[in-house]
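Trainee: I'd like to learn how to read sheets and interfaces in a model. Can you walk me through one?

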Amino acid sequence: MKKLLLAIALGSVCAVSFAQGKDLKVAIDPTYEPFTFKTADGKPTGFDVDIASALCEQIKRKCVFVEQVWDSMIPGLQAKKYDVIISSMSITEDRLKAIDFTDKYYNTPSRVVVKKGVAYTGPASIKGKKIGVLKGSTQEKYAMGELKTVGVEVIPYEAQDQVYLDIKSGRLDGTVADFVEVTGGFLSKPEGKDYNLVGPELYIEKYFGTGAGIGMRKGEAALKAELNAAIKAIRGNGSYKKINDKYFKFDVYGK
Amino acid sequence: MSAYYTAILQGSVLTVGVSLCALLVSIVLGLAGAAAKLSGRSVLVALATFYTTIIRGIPELVLMLLIFYGGTIGANNFLEWMGSEATVDINPFVAGVLTIGFIYGAYMTETFRGAMLSIPKGQMEAAVSFGMGRMQAFMRITAPQMVRYALPGFTNNWLVLIKATALVSLIGLQEMTYLAKQASAATRSPFEFFLFTAALFLIYTTVSLVVLRRLNARYSLGTKRGTL
Amino acid sequence: MNWAVIFEPQNLALFGTGIVTTLGLLFSSLTVGAVLALAFALLLTGPWAPLRWIVGAYTYVIRGTPLLIQVYLIYYGLGQLEWIQARWNDVWPWTHFKEPFFCALLAFSLNTAGYTAEMLAGAIRETNAGEIEAAQSFGMSRFQVMLRIVLPSAMRRTLPAYSNEVVMMLQSTSLASAVPSLMDVTGAASRIYSDYYLPFEAYLAAAGIYLIASFALIGMFKYSESRWLAYLAPRKH
């Protein structure tokens, strides 16, 4: 009898959860300092996380953060594992075919990063070098479209901070990344001191889109309107500026 | 830095949880499968054989990805088709437990089948002649003896199952391996964190071995081993 | 279900690269692992106690930790050590540690060597004592006894368990997708899933490929058992 009860107790610990309620499930990829990352004790933090919390306050729902690997962000959204993606996801034509976006909440360009002393005059000048990119990102599209075609070795990684790990160990010669992210997550740290940003600011719309927005499933017009209004509200009432200044010395909202 | 280690230790609780729940599922499936294979009815035997053959032919990772990514979409499509508004979210814990339980159910089927076959048939006949029902005979005669015969194979399966839980990190469950990977990328020191996680796994397998050896001794009381 | 996407040429090519990587990893790690396993098994059953303990500890750790952690330790962990970083640009053999394929190969080989060594050592220990006595009475040295009597017999008796190990190694190669830039069958399926949002089609296709490969391997082993373990087969008349 005791064993039976134990088995039932053990079995009920392993139950399927049904998703319901007024919580807003927000997907984040916490490997993208300073936009989305975790403190040592596991709390999500960063620009995206703070903006998400501010927006949730505006629309009066509770933010529940769900971690997700970057290249399965959109499939996870379509599988209804979460309601929105607030993780520096750029609004591009390709992505708009699958999901919907709100207006942008920031826009920063991408740059190429290589070791100091490497003369960079364009993609062809780093032919033969190994460049790491985040799988499923706009930078990967750019690298495959412009760098791989001229002979640069492009290696996709699961998470941006794993790119930095391999740059530090010497397996990679550089990366293409959002310039704010690479500054905050790599160049300002001890292992990034021998690397620098090269080349022009990349705003090419065909690859990089028109800024980072909040991703959601198609057909959620009410949620989209709510969040757009909330973005305008926090831009107007100063909370956006407060969060912006906490992480950056300039306005990331961009053009 | 030490906060990362504490987080990994907390993740180890999830690892133990996944492995124990998966063990439960695999024991249930193993008993069912063994019963099916020994029942003699061709449909059941064919089903059980199909189950054990397919499982050994597909990697655990592929099965896990199929159930985690495909299963949620499939379940939601099914609910939509039924006209329900509810959404089911198969979280990584459940997906991991179901997958690992399902896979090791196949291995347990073989172990339990071998164990049941090792019990002398005369004992079943004697039980029936006493008027015991099928369930009674199973609980009183078959099950206790089966434990002794099944233990070596069971121990093996359990140890492999523990290690398979590391794969659940690849579908996003925040157990030891996942937290170690995140910590190592964030602090750029993978060696320390992965070594720590490996040591935790080693402790887990060693403790399991000790417990299962004790169990073996308890269930072998009264049996005689031939001396060489 | 949208199966047409899987059969588009660029996706088939992706699976093709995956199959080549998977089979390449499988056979090279089995070869290296088998050679190492033979050496370890001989040390495990040898006369030198310290070596027995060292190899015993090695197999205990390999069999007690997950393969995924072993892969991460070799790829990321070794890459972090400054001693290796200083050498892997110019000094052979450390240059190989930069490549993901080599790191995966090393992890898989060490893993299969640990398991196979224990299997082989068990078979060596269970060799018929009478055969060894007979060989010794012929005046064969320890080396000759091993080479002519014990090993042929032990390797044959390990065949069934080894066939299990080979099939498990095939399934384990799917972990190569955890190493960046290695595109094996599972990696190809994951790529198709994240590009086209088709989990069922992509992973079922991958499962199908692995099943075919497993059946082929099991068939090969059944044939080799019929040849080399013919003396243990049940009588046909």
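Mentor: Let's go through strand pairing first, then the contact between chains. Keep in mind that this is a predicted model.

Trainee: How do I read strand pairing, and what order do the strands of the open sheet in chain A take?

Mentor: Strands of a sheet pair through backbone hydrogen bonds, either parallel or antiparallel. Here five strands of chain A make an open sheet, ordered β11-β10-β12-β9-β13, with mixed pairing. At the edges sit β11 (153-157) and β13 (195-202) of chain A, each pairing on one side only. From one strand to the next, the twist averages 30 degrees.

Trainee: Which way do β10 and β12 of chain A run, parallel or antiparallel?

Mentor: Parallel, with two bridges joining them. Look for A:Gly132, which stands opposite A:Thr175 in β12(A). Helix α5 (residues 138-147) of chain A packs on this sheet, and its direction makes about 145 degrees with that of β10(A). Helix α7 (residues 179-187) of chain A lies across β9, β12 and β13 of chain A, at about 125 degrees to β12(A).

Trainee: What about β14 of chain A: is it mostly covered or exposed?

Mentor: Covered: five of its five residues are buried. Strand β7 (residues 84-90) of chain A runs antiparallel to β14(A), with four bridges, and A:Ser90 has A:Ala212 as its bridge partner. Strand β8 (residues 100-106) of chain A is also joined to β14(A) by four bridges, antiparallel; there A:Phe101 partners A:Gly215.

Trainee: And the interface: how many residues of chain B are in contact with chain A?

Mentor: Interface size is often given as the accessible area lost when the parts come together. Counting contacts instead, 24 residues of chain B meet 29 of chain A. The largest share of chain B's side, six residues, comes from α1(B). That side divides into 16 nonpolar, six polar and two charged residues.

Conventions. Residues numbered from 1 in each chain as written. Chains lettered and ligands numbered in written order. Predicted model: local features only at pLDDT ≥ 70, side-chain atom pairs only at ≥ 80, totals over all residues. Contact = placed C-beta atoms within 7 Å. Nonpolar A, V, L, I, M, F, W, Y, C, P; charged D, E, K, R; others polar. Buried ≥ 20, exposed ≤ 12 C-beta atoms within 10 Å, placed from the backbone. Pairing = 2+ DSSP bridges. Axes fitted to C-alpha atoms, helices over the stretch in contact; angles between N-to-C directions.
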